[in-house]
Amino acid sequence: MKKKPRALEGLKIGNSDYPLEDTAPLSGPLQGMKICVVGAGFVGTVAAAGFARFGHQVVCVEKDQNRLSLLRSGQLPYFERDLEELVRRELASGRLVFDSDLEKSVEGKKAVFLTVGTPSSSGGRADLSALQEVISALSRKMKSGQILVLKSTVPVGTAEIIKKYFSQNGKRSEIEVINNPEFLREGNAVFDFFNPPRIVIGGNSGEAIETISHIYKMGMTKSVPIYTTDNRTAEMIKYASNVFLATKVGFVNELARLCDSVGVNALEVARAIGADPRIGHQFLEPGPGWGGSCLPKDLQEFIGLADSLGVSLFIPRAVSEANLYQFEHIYLKVKNLVENIAGARIGVLGLTFKANTSDLRQSPAIPIITKLLDNGAEVTAYDPAADDEAKSLLPDIIRVDDPYKTAEGADCMLILTEWSDFQLLDWNRISEIMKSKNIVDARNILPPELLKRYGFNYASIGQN
Ligand code: UDX
């Protein structure tokens, strides 16, 4: 495993440590099962390789030929810590194969896990077109006794709709439909798969629930609570989890804004309140706002579901609006340091929505940089892992492959992602090549006193 670079004294790196707990080599009386996983995104690939590691025989279906050939050679089309190593190990064991033929791959498998994307549609509700495409193919192929497992995040009520669709297509109730939502964090997905705080399995067939529980029990070297419930409840648990996480981050971002106005250090407040087990320390790090492929879409689906039922929810809507304002707040922090944004050169460190991922989906960097550009700034940006998607999402920035180049002649530096690499840069050298020594550390990852000693006007989130 790549050793994490040594951080500057007394600094936390990101929001989680990362020891990949090795699972016990699988053997013993429990027999592996034949499993199909449909969709080789980061969730599907982690689940497929993880199930193989547990000792099951897994076929992971991917229709994109380029992605398929990469995966078959043990490479990933995106960055996910330790996943490449895990995939290579399980390919070599023969327990994991990748295929593009859905109908062939489903044959004879006890459980078929769906991990296709369910992104937000334009109206904010979940777009289930990819799921529908797979379901119609499976309805022709799946046979009695097989179990369909929805691991994708699906709107409340989806499993029942699928059961009804199956029965209308001659399957009656022979195909059990189970919900098994994932709670994997990008950048920590492999760790989270092998060290889940809980597993959720929803359905109305005890036998099918037991079968899916068994798939996990084979690999868990320590007891993990398995919450079994009905389909609808399992679907709601997933949304409730992500909406709460967004709410918690949204709270600490607003706390930080108020702390900045009264001269209180929000990080000290967060540490002290987080010591209360009812609050907890995690997801209390103020930043540029939350993003990613999950929290935004799941919050919008949650709000959309309530709206469609005429249920008035106030907090989720406020969480969404507060997050949009956080992007504005970061822009204003830069504006406050730079006399005039028009014509200013801004050096940006970090484009991805968080560290240890290459993913830019719904990254706060996009609206924040767009606002800077719209007001006439010139933006030069560096990110150690952001993929080429950045070109289409932020076509007007200057993308450099050396972080120091973002500082050359810059009027202000802006840190948007908590890559630990940025803590190890020579900030004294950066101060000497900038035009003005301004910095907005939107992730609070640098030591304020050290930066101030280098002559920086140092602004952060909640440290005043
Ligand atoms: C999230 C959930 O954590 C995971 O359980 C679910 O399965 C998928 O969605 P992920 O989207 O990978 O995972 O990101 P996460 O680590 O939750 O962070 C979400 C956003 O909140 C990121 O933009 C992150 O930078 C931000 N964040 C998180 C903060 O700003 N402060 C924090 O303290 C924690």
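A salt bridge is a side-chain nitrogen of Lys or Arg within 4 Å of a carboxyl oxygen of Asp or Glu. In this model, Glu210 forms such a bridge with Lys217, their closest N and O atoms lying 3.5 Å apart. The structure is a predicted model, in which local features need pLDDT of at least 70 and side-chain atom pairs count only at pLDDT 80 or more, while totals for chains, interfaces and linings use all residues. Residues are numbered from 1 along each chain as its sequence is written, and side-chain values use heavy atoms, with hydrogens and water left out.

To say where these partners lie, we call a residue buried under 20% relative accessible area, exposed over 50% and partly exposed in between (1.4 Å probe, protein chains only). Glu210, with a relative accessible area of 42%, is partly exposed, and Lys217 counts as partly exposed at 44%. Salt bridges that share partners also join Arg53, Arg89, Glu90 and Arg95 into one network, and the count for the structure comes to 25 salt bridges.

Another of these bridges pairs Glu133 with Lys63, with 3.4 Å between the closest N and O atoms. Glu133 belongs to helix H5 (residues 129-141), whereas Lys63 sits in the loop between strand E2 (57-61) and helix H2 (65-72), so the pair links distant parts of the chain, 70 residues apart; here helices (H or I, at least four residues) and strands (E, at least two) are DSSP runs, numbered from the N terminus. Glu133 is partly exposed at 47%, and Lys63 is exposed at 61%.

The side chains of Lys238 and Glu182 meet in a salt bridge too, at 3.6 Å from N to O. Because Lys238 lies in helix H9 (residues 231-262) and Glu182 in the loop between strand E6 (176-179) and helix H7 (189-194), this pair ties together parts that are 56 residues apart in sequence. Both Lys238 and Glu182 are buried.

Turning to the rings, those of Phe, Tyr and Trp (its six-membered ring) pair if their centres lie within 6.5 Å, and planes under 30 degrees apart count as stacked, over 60 as edge-to-face and the rest as tilted. The structure holds 10 aromatic pairs. The rings of Phe193 and Phe194 have centres 5.4 Å apart and planes at 85°, so this pair is edge-to-face. Phe193 is buried at 6% relative accessibility, and Phe194 is buried at 7%.
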